[in-house]
Amino acid sequence: VQLQASGGGLVQPGGYLRLSCAASGSIVSINFMAWYRQVSGKQRELVAAINSGGRTNYADSVKGRFTISRDNAKNTVYLQMNGLKPEDTAVYYCNAQIRPSWAQDEYAYWGQGTLVTVSS
């Protein structure tokens, strides 16, 4: 099982980006999917999460600006980021709780990270 993230880049303050993360491999089911971010020297923090039923939660710092969504048919989670600020600059990681075909339990998988830089 792998998670492949994409969509990062350089954007000016006030701009927008859309991150995508696709899960692939022998997957039975995916429960929670989430986006985290990490700035060098700081702990990784939860940005947004969505469960299999579509229920979402967000960090206070991104509420009203970011939207998490998922396409269960494609095993993909998205993060639409609008109104980007310099303090949103970080490496963004996707995370998913996945039950692979070879197991009875769920395991946490991480994507490789994608850099988002907000700067003029």
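**Figure 1. Pairing of strands S7 and S8 around Thr-67.** Thr-67 in the predicted model stands opposite Gln-80 of S8. Strands here are DSSP runs of E with at least two residues, numbered from the N terminus. S7 and S8 run antiparallel and are joined by six bridges; two strands count as paired if DSSP finds at least two bridges between them. Together S7 and S8 form a hairpin with four residues between them, and Asn-75 in the turn has a positive phi of about 50°. In a regular strand the side chains alternate between the two faces of the sheet. Buried means under 20% relative accessible area, exposed means over 50%, and partly exposed lies in between (1.4 Å probe, protein chains only). This is a predicted model, in which local features need pLDDT of at least 70 and side-chain atom pairs count only at pLDDT 80 or more, while totals for chains, interfaces and linings use all residues. Residues are numbered from 1 along each chain as its sequence is written, and side-chain values use heavy atoms, with hydrogens and water left out.

**Figure 2. The largest nonpolar core.** This core has 29 residues, and those with the most contacts inside it are Leu-3, Trp-35, Val-47, Phe-66, Leu-79, Met-81 and Tyr-92. Strands that each supply at least two residues of the core include S1 (2-6), S4 (27-38), S5 (45-50), S7 (66-71), S8 (76-81) and S11 (114-118). S9 gives the most to this core, with five residues. A nonpolar core is a set of buried Ala, Val, Leu, Ile, Met, Phe, Trp, Tyr and Cys residues joined through side-chain atoms within 4.5 Å. Not counting residues up to four places away in sequence, Leu-3 touches several residues, among them Cys-21, Cys-94, Ile-98, Tyr-109 and Trp-110; contact means heavy atoms within 4.5 Å.

**Figure 3. The disulfide between Cys-21 and Cys-94**. The structure holds one disulfide, a term that denotes a pair of cysteine sulfur atoms within 2.5 Å. The sulfur atoms of Cys-21 and Cys-94 are 2.0 Å apart. Because Cys-21 lies in strand S3 and Cys-94 in strand S9, the pair ties together parts that are 73 residues apart in sequence. The torsion about the S-S bond is about 55°, so the disulfide is right-handed. Both cysteines, Cys-21 and Cys-94, are buried.

**Figure 4. Surroundings of Arg-65.** Arg-65 lies in the loop between strand S6 (56-58) and S7. With a relative accessible area of 13%, Arg-65 is buried. Its side chain reaches the backbone oxygen of Ser-61 at 2.9 Å. Leaving aside neighbours within four places in sequence, Arg-65 is in contact with Gln-80, Met-81, Asn-82, Gly-83, Leu-84, Lys-85 and Asp-88.

Figure 5. Tyr-107 touches Ala-96, Gln-97, Ile-98, Pro-100 and Trp-102, not counting residues up to four places away in sequence. Leaving aside neighbours within four places in sequence, Ser-26 is in contact with Val-1, Pro-100 and Ser-101.

Terms used:
Polar contact = N/O pair within 3.5 Å; in protein donor to acceptor, adjacent residues only side chain to side chain.
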